[in-house]
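Subject: Structure handover

Hello,

Here is the structure I said I would pass on.

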Amino acid sequence: MRAVVFMATREVAVADVPDARVEQDDDVVVRVTSSALCGTDLHMYDGRTGAVPGMVLGHEGLGIVEDAGPAVHRVRRGDRVVLPAHIYCGVCFNCARGDSAACLRVHPGHVGGAYAMPGMGPFRGSQAELVRVPFADANCVVLPGAPGDEDEDDFVLIADAWVTGWHATELAGVRAADTVAVFGAGAVGLLAAYSAQLRGASEVYSVDLIQERLDKAAELGFVPVDVRQGDPVEQIRELRRARPGARLRGEEEMAGVMAGIDAVGFQARDRSHLDKEDPRQVINDLARLVNPTGRLGIAGVFTTTDAAPAPEGGHADGSLHVPWATLFNKGVTVGFGRTHDRRYTTHLRDLIISGRARPSLIITHHESLENAPGIYDRFDRRVDGIVKAVFHH
Ligand SMILES: [Zn+2]
Ligand SMILES: [Zn+2]
């Protein structure tokens, strides 16, 4: 089969590799019709997370079940399915509680597993013609329709980008009428903002430093906040103070936001030197911006093995100096971590089927799988206005 293969730092190839096949009785093999490129793929591409040459990339796949092992009961050959990035067994102590990202069986000796991520198990990726799906009854979200229909681009975002964005709003406890700021307007950040909007947020601010992403945020109805124009915390406070309307007593002290989301992670930019990284920048900003009694959701990736940590503030082991006392004194609730796909995928699917949500509005590029090396390169260099690219297989 053809597949996108990691070769070396900043080098991928589309190559012939052995076909994915049923290896365990509860596996299926899916013929992929669409797969999406993710910022997390760049963590491998950039040599930050110890990817091994020959690894098949991609963790956001959609397709048709081609083959099923004898112990698979819930999905059949011919079913259209989306494959959540975080693989889980569905029945262990954590999965039984809905905490599927902390599955205890998928990668024995570790917590959780995923396609095509170093340290997350031996699972090959879905930027390929075929992909093996372990624990298939748990890891296939069955969908209506047929490949290439009007929902294809929406459904592929259930694999990771939208569930991660939605999970961020869960972590940040976004409720109706909340004021929300999302740092990062890549695919996950935009879809976190979109999820906040769906949940009834009254104001949604979208913070970034790339023009095309800020334009997309504005197009979707969020207030774009351009880090290149200065401190985003002060910008948001100014915008909020300038709003018309009566105030409750003391409300001027609450000119920050009630819910803040980090959709950037460890590759945050140092605001005083935008060409440099400082993994503490976003958490420092969010700690200043969030109102007393507010909530933070940290959905951007933080890695315990950063092969190239930033000189200021970066640590190879992921330990960071963060404003704990500010968060304590404000009484802020902070949530962290990977999305528990099991909790959300069916709900998000149904928001698409009902026509209530169109997350594919964030997709900017469609490519054939054979063009993967070029689009990885352009996405990595943040050129061509790529917010989210989807491969059609
Ligand atoms: Zn992803
Ligand atoms: Zn499990």
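Please keep in mind that this is a predicted model. I began with the pairing between two strands, where I261 stands opposite G297 in strand 16. Strand 13, residues 257–262, and strand 16, residues 290–298, run parallel and are joined by five bridges.

Both belong to an open sheet of six strands, ordered 12-11-10-13-16-17, with parallel pairing. At the edges are strand 12 (223–226) and strand 17 (333–336), each of which pairs on one side only. On average, neighbouring strands in this sheet are turned by 20 degrees against each other, direction ignored.

Helix 5, residues 161–171, packs on the sheet and touches strand 13, strand 16 and strand 17. The direction of helix 5 makes about 150 degrees with that of strand 16.

Helix 5 also meets helix 6, which covers residues 187–198. The two axes come within 7 Å and cross at roughly 55 degrees. Helix 5 is therefore oblique to helix 6, an angle between 35 and 65 degrees being neither roughly parallel nor roughly perpendicular. The crossing of these two helices is right-handed.

From helix 5, the contact is made by A161, W162, T164, G165, W166, A168 and T169. Helix 6 contributes A187, V188, L191, A192, Y194, S195, A196 and L198. By type, the residues of this contact divide into eleven nonpolar and four polar, with no charged ones.

Regards

Technical notes: Residues are numbered from 1 along each chain as its sequence is written. Chains are lettered from A and ligands numbered from 1 in the order in which they are written. This is a predicted model: local features need pLDDT of at least 70, side-chain atom pairs count only at pLDDT 80 or more; totals for chains, interfaces and linings use all residues. Side-chain values use heavy atoms; hydrogens and water are left out. Two strands pair if DSSP finds at least two bridges between them. Helices (H or I, at least four residues) and strands (E, at least two) are DSSP runs, numbered from the N terminus. Axes are lines fitted to C-alpha atoms, for helices over the stretch in contact, and angles run from 0 to 180 degrees between N-to-C directions. Contact means heavy atoms within 4.5 Å. Angles under 35 degrees count as roughly parallel, over 145 as roughly antiparallel, 65 to 115 as roughly perpendicular and the rest as oblique. A crossing is left-handed if the near helix is turned anticlockwise from the far one by less than a right angle, and right-handed if clockwise. Ala, Val, Leu, Ile, Met, Phe, Trp, Tyr, Cys and Pro count as nonpolar, Asp, Glu, Lys and Arg as charged, and the others, Gly among them, as polar.
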